[in-house]
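Trainee: I would like to learn how to read side-chain contacts and strand pairing in a model like this one. Could we go through the features one at a time?

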Amino acid sequence: MNSFFEILHKLFGFTLPERAAEGVQYVDNLYNFIMFVSVVGFVGMVGVMIYFVIRYHHTQNDKSAYIPGSHVLETIWTAIPAALYIGIAIWGLVVYFDHTRVSKDAYKVNVIGKQWAWEFQYEHNGQKFSTLDVLYVPVDTEILLDMTSTDVVHSFFIPSARLKKDVVPGMRTLLTFKPTKLGDMQVFCAEFCGTSHSRMLATIKVLSKKKFEAFLERESKNANVSDPVELGARLVQRKGCFACHSADGSRIVGPTFKGLWGRETTTEAGEKITVDADYIRESIIAPQAKVVKGYPNSMNSFAGQLSEEEIDSIIEFLKTIK
Ligand code: CUA
C-alpha cells in the first residue's frame, strides 16, 4: 500500500510544496489518489469517446449496436462512482480531523495578524518578547499557535505543513504543527485583507532544539531595554508600523516617518496641525481622529496594545527619524 502511494506521489506530487511537518504525507496521499482517479476517469472516458468517433465514423459504413437500456450497466456506473466518492469523503474527513487536531500541551506562541504583518509573541522565564514576520520554532516539537487579529480577517497558511486557519478579530483560533525539517517554511496570508495583502508574508525558521533555547535566552534578555529610543525602535519594528509608514520619505499607505516630528500638515477636515507628542499619541490610540489630508482612513487603533511608557518611547524614536 505504501509503495502504491509512493508511486502516486512520484506521478502527481510534483505539484505539491515540500513536506516539512509531521503527517503531511496523509494529506498528500489523499490528494494524489484523487488526482489518480481523475486522470484514469478522464483518459478512460475521452479515450473511449475518441475510439467510437473513429470506429463508427459514417465513412466506415458500420453501425453500433442499438441498446435501448441496461440495468446491469446502469447499476455498475452508478455504484462504482458512488462508492468511490463516499470513500473519498470519509477518507477526507478522517485525514482532516487528524491533521487539524490541536494539542494544548504543545509549545505555545501567540500570533497577532494585522494589516499587514504577523507578530509572534513568546514568553521565556517570565519575560515576554516578540518577533515580526519571522516565527522561530524548535524542530521535532509540537507547536501551538494561538492566533487572533487586531483588525480584519486574515488567514495563516503554511503550505509545507498543509495547514491553513483563519485569523479573526475578537476570536482565538488554534493551529498545531510539528516541524520535521531544519530550515525555512513559507507563510502566506490567504485571506484578502486590503492593499498590502499580497505582501503579508512570514517565514518560519525551524531551529535545532539547542539553537532555539539559545534564541529564547538571548531574546528574553534583550527584551529588557531601558533606552527609550531603542525600545521605541523595537516597538515600531515589531508592531509592523513600517508596513504602512516608510522611514525614507517614500509614500506607502500612510505618511512617512521621515521628518515627522514638528512637520506642518493639514487634516482631512482642513485643520492645520504641527506634529507633536500629543498628535502622535492620538494617532496611535485614535487614528481616525485627525487623518492627514490625501491619505486613506485605514489605520486601526493600538489602544490596549501599548502602555503609556511604550507610546512615549515610540515618540522618542520617531523624533530621531529626520
Ligand atoms: Cu492579511 Cu491577507
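Trainee: Does Phe4 count as buried, partly exposed or exposed, and what is its relative accessibility?

Mentor: This is a predicted model, in which local features need pLDDT of at least 70 and side-chain atom pairs count only at pLDDT 80 or more, while totals for chains, interfaces and linings use all residues. Residues are numbered from 1 along each chain as its sequence is written, and side-chain values use heavy atoms, with hydrogens and water left out. Buried means under 20% relative accessible area, exposed means over 50%, and partly exposed lies in between (1.4 Å probe, protein chains only). Phe4 has a relative accessibility of 31% and therefore counts as partly exposed, and Phe36, with a relative accessible area of 29%, is partly exposed.

Trainee: How many aromatic pairs does the structure hold, and which geometry do Phe4 and Phe36 show?

Mentor: A pair of aromatic rings is described by the distance of the centres and the angle of the planes. Rings of Phe, Tyr and Trp (its six-membered ring) pair if their centres lie within 6.5 Å, and planes under 30 degrees apart count as stacked, over 60 as edge-to-face and the rest as tilted. The structure holds 18 aromatic pairs. The rings of Phe4 and Phe36 have centres 5.9 Å apart and planes at 85°, so this pair is edge-to-face. The pair links distant parts of the chain, with Phe4 in helix α1 (residues 2–12) and Phe36 in helix α2 (residues 24–55), 32 residues apart. Helices (H or I, at least four residues) and strands (E, at least two) are DSSP runs, numbered from the N terminus.

Mentor: Phe129 and Phe215 also form an edge-to-face pair, at 5.8 Å centre to centre and with 70° between the planes. Because Phe129 lies in strand β3 (residues 127–132) and Phe215 in helix α4 (residues 209–222), the pair ties together parts that are 86 residues apart in sequence. Phe129 is buried, with a relative accessible area of 5%, and Phe215 counts as buried at 2% relative accessibility.

Trainee: Which residue stands opposite Tyr136 in β10?

Mentor: Two strands pair if DSSP finds at least two bridges between them. Strand β4 pairs with strand β10 (residues 201–207) in the parallel sense over five bridges, and Tyr136 stands opposite Lys205 in β10. Strand β9 (residues 183–189) runs antiparallel to β10, joined by six bridges, and Phe188 has Leu201 as its bridge partner in β10.

Trainee: Which residues are linked with Asp28 in a network of salt bridges?

Mentor: A salt bridge is a side-chain nitrogen of Lys or Arg within 4 Å of a carboxyl oxygen of Asp or Glu, and the structure holds 16 salt bridges. Asp28 is linked with Arg19 and Arg162 in a network of salt bridges; the side chains of Asp28 and Arg19 meet at 2.7 Å, N to O. Asp28 counts as buried at 1% relative accessibility, whereas Arg19 is partly exposed, with a relative accessible area of 29%.

Mentor: The side chains of Arg101 and Glu142 meet in a salt bridge at 3.7 Å, N to O. Arg101 lies in the loop between α3 (71–99) and β1 (107–114), and Glu142 in the loop between β4 (134–138) and β5 (143–149), so the pair ties together parts that are 41 residues apart in sequence.
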